[in-house]
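Trainee: I have a two-chain model open and would like to learn how to read it. Could you walk me through it, feature by feature?

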Amino acid sequence: MALQEKYKQLIDAANAEGISNLQVKEQDNVLYIDGEASSGSSKDKLWDIYGKLDPDFRAADVVMNVNVAAGAGTKAKVTTDKTNLNIRKGPGTDQPIVGKAAHNSEVTLLSKTNDQWWLVKTDAGEEGYAYAQYLSPE
Amino acid sequence: MKITKVLFSLLLMGSLFMTGCKPKDADIKTSIEEKMKADPMMAGMTVDVTDGVATITGTCTDEACKTKCEETAKSVKGVKSVVNNCTVPPPPAPVTVNTGDALMQGVMDATKDHPGVKASVNDGVITLTGDITRDQLPKLMMSLNSLKPKKIENKLTIK
């Protein structure tokens, strides 16, 4: 229970943000927080608080798997740093690149393979798998 | 005839006397309830007593609480036996963590765009070494956290 005390502010914020399917479990001195955020800003808020409670994420006592809920048909913005986002044939960086989505362009979510890889369609009509970390559902 | 009458009255007196010294079910119930109320662990339990048999129902936090309920009821005078119907909810399901090849592949995908970062995976624990800029760190951590590892040891040097 000690970790739930340490990260009380984070857990309270997760409840306040209305994270759905929120699960908070403590096991072997690691606090596991799972759930789905309704927006990217909710998720960012939680990460800001986490970063304040554990600066630079050094303590190795939290695994926070909170992803942004997005269904098929959702538009998502490509939020790479500068470069284009690779669209691949399959879900993995070992898969061949079949297209590119420009930085700041929009793609349409077709389905989620997992929390890492989403099947998307670009404005140019290319279909393939993109790394979800660089996509912000709108 | 006379003997029968005497015997009958003796029997009647006997049964009256016996009943008199035996605590009533309602009294037994009250004393068990009082004892349970004194302990927050057992405060929410329900007690029923019929012919000296105490039945306890309710939800206990753990097995120790269940045992204590039974002992408490047994310790009350007049209780012949205890029916322990206390339920203990099953412990929460353990956290599912990824440990296998999928995690290894996921870590490779997540660190691909961070050339200064070296990552190793051992039994679900991701260890990060090398260097990264402070503004890139949250993005990397978000990617790695969504892989559901057991934990992440961040030994990165922040530039």
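Trainee: Let's begin where the chains meet. How many residues does the contact take from chain B and from chain A?

Mentor: In general, the size of an interface is often given as the accessible area lost when the parts come together. Here we count residues instead: the contact takes 25 residues from chain B and 20 residues from chain A. Keep in mind that this is a predicted model.

Trainee: Which elements give two or more residues to the side of chain B that touches chain A?

Mentor: They are α4 (101-111), α5 (137-145) and β6 (151-154) of chain B. The most comes from α5(B), with seven residues. By residue type, this side of chain B divides into 12 nonpolar, six polar and seven charged residues.

Trainee: Now chain A, please. What pattern does chain A follow along the sequence?

Mentor: Chain A has three helices and 10 strands, and the order is α-α-β-β-α-β-β-β-β-β-β-β-β. Its C-alpha atoms fill a box of roughly 50 × 30 × 25 Å, taken along the principal axes. Of the 138 residues of chain A, 34% count as buried.

Trainee: How do I read the packing of two helices? At what angle do α2 and α3 of chain A pack?

Mentor: Look at the angle and at the distance between the axes. Helix α2 (residues 8-16) of chain A and helix α3 (residues 40-53) of chain A pack at about 170°, with their axes 9 Å apart. Angles over 145 degrees count as roughly antiparallel, so α2(A) is roughly antiparallel to α3(A). From α2(A), the contact is made by A:Gln9, A:Leu10, A:Ala13 and A:Ala14, and from α3(A) by A:Lys45, A:Leu46, A:Ile49, A:Tyr50 and A:Leu53. Those residues divide into seven nonpolar, one polar and one charged.

Trainee: Let's zoom in on one of them. Why does B:Ile32 count as buried?

Mentor: B:Ile32, found in helix α2 (residues 25-37) of chain B, counts as buried because it has 26 C-beta neighbours inside 10 Å; the cut-off is 20 or more. Leaving out residues up to four places away in sequence, B:Ile32 touches B:Val47, B:Ala54, B:Thr72, B:Ala73 and B:Val76. B:Val47 is 15 residues away along the chain, and its C-alpha atom is separated from that of B:Ile32 by 7.4 Å.

Trainee: Let me try α3(B). Which of its residues are buried, and where do they lie?

Mentor: In α3(B), B:Lys66, B:Cys69, B:Thr72 and B:Ala73 are buried. They fall within an arc of 130° seen down the axis of α3(B), so they line one face of the helix. Their cover includes α2, β2 and β3 (81-87) of chain B. The face of α3(B) turned away from the buried side carries the exposed residues B:Glu63, B:Ala64 and B:Glu71.

Trainee: Last, backbone angles. What is phi of A:Asn21 and of A:Phe57?

Mentor: Most residues other than glycine have a negative phi. Phi of A:Asn21 is near 50°, a positive value, and phi of A:Phe57 is near 55°, also positive. A:Asn21 sits in strand β1 (residues 20-27) of chain A and is exposed, with 9 other C-beta atoms within 10 Å. A:Phe57 lies in the loop between α3 and β3 (62-68) of chain A and counts as buried, with 23 C-beta neighbours inside 10 Å.

Terms used:
Residues numbered from 1 in each chain as written. Chains lettered and ligands numbered in written order. Predicted model: local features only at pLDDT ≥ 70, side-chain atom pairs only at ≥ 80, totals over all residues. Axes fitted to C-alpha atoms, helices over the stretch in contact; angles between N-to-C directions. Helix = DSSP H or I, 4+ residues; strand = E, 2+ residues; numbered from the N terminus. Parallel < 35°, antiparallel > 145°, perpendicular 65-115°, else oblique. Contact = placed C-beta atoms within 7 Å. Nonpolar A, V, L, I, M, F, W, Y, C, P; charged D, E, K, R; others polar. Buried ≥ 20, exposed ≤ 12 C-beta atoms within 10 Å, placed from the backbone. Arc of directions from axis to C-beta.
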